[in-house]
Amino acid sequence: MSEASSNDTLARLAEVLEARKGAAPDSSYVASLYHKGLNKILEKVGEESVETILAAKDAALSGDCSELIYETADLWFHSLVMLASLGQHPQAVLDELDRRFGLSGHAEKAARSQS
C-alpha cells in the first residue's frame, strides 16, 4: 500500500468518524461510542490494547500474524475514535511521526524528560 493510499484511508475514516458525531446512537457503532462518552471510548482503547498484546504473544509462538493484524486494526480504529472525540484529526499523529523521523529515539526521549 502506498503512502498516498494510507493517508487516503485515514482521511476517509476521519470523515466518517466526524460524521458519526451527530448521528443517533442506534445508527452506528461509532455513534453509540460517542453517545456513551469518552470513558467508554477509552475503555475500548484499553481493551483493544490488551487484545493486541496477547495477539502479538500468540504470533511470536505460532508465526501466524493474522490475528495480530486484526487486533492492531481494532486498536488503531478505536484510537482514531478517541482522537476524533477530542477534536483531533489523524493527520496530527502523522505530523508528529514525521517530526520524529530521523531523530534518535534516545535523543527524543531525553528531550521529553527535560520538559
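Q: Which residues lie nearest the centre of the largest pocket?
A: Ser6, Leu10, Trp76, Leu80 and Leu94, out of 16 residues that line the largest pocket. A pocket here is an open set of points on a 1 Å grid over the protein atoms alone, where a 1.4 Å probe fits, with protein on both sides within 12 Å along at least five of seven lines; lining residues have an atom within 4 Å of a point.

Q: Before we go on, what kind of model is this?
A: It's a predicted model, where local features need pLDDT of at least 70 and side-chain atom pairs count only at pLDDT 80 or more, while totals for chains, interfaces and linings use all residues. Residues are numbered from 1 along each chain as its sequence is written, and side-chain values use heavy atoms, with hydrogens and water left out.

Q: OK, back to the pocket. How much space lies in it?
A: About 440 Å³. That volume is the space filled by probe spheres set on the grid points, which are joined across faces, edges and corners.

Q: Why roll a probe at all?
A: Because a probe the size of a water molecule, rolled over the atoms, shows where empty space is left.

Q: Which helices supply at least two residues each of the lining?
A: α1 (3-20), α4 (66-85) and α5 (90-100). The largest share comes from α4, with six residues. Helices are DSSP runs (H or I, at least four residues) and strands are E runs of at least two, numbered from the N terminus.

Q: And how does the lining divide into nonpolar, polar and charged?
A: There are 12 nonpolar residues, four polar and no charged. Nonpolar covers Ala, Val, Leu, Ile, Met, Phe, Trp, Tyr, Cys and Pro; charged covers Asp, Glu, Lys and Arg; the others, Gly among them, are polar.

Q: Zooming out, how many helices and strands are there?
A: Six helices and zero strands. The C-alpha trace spans about 45 × 40 × 30 Å along its principal axes.

Q: What share of the protein is buried?
A: 23% of the 115 residues. Buried means under 20% relative accessible area, exposed over 50%, and partly exposed in between (1.4 Å probe, protein chains only).

Q: Which residues of α2 are buried?
A: In α2 (residues 29-36), they are Val30, Ala31, Ser32, Leu33 and Tyr34.

Q: Why does Ser32 count as buried?
A: Because its relative accessible area is 15%. A polar atom of the Ser32 side chain also lies 2.6 Å from the backbone oxygen of Tyr29.

Q: Last one: Ser113, buried or exposed?
A: Exposed, at 60% relative accessibility. Ser113 is found in α6 (residues 105-114), and its C-alpha is separated by 31 Å from that of Leu10, 103 residues apart along the chain.

Key: A polar contact is a pair of N or O atoms within 3.5 Å; within protein, one must be able to donate a hydrogen and the other to accept it, and residues adjacent in sequence count only if both atoms are side-chain atoms.
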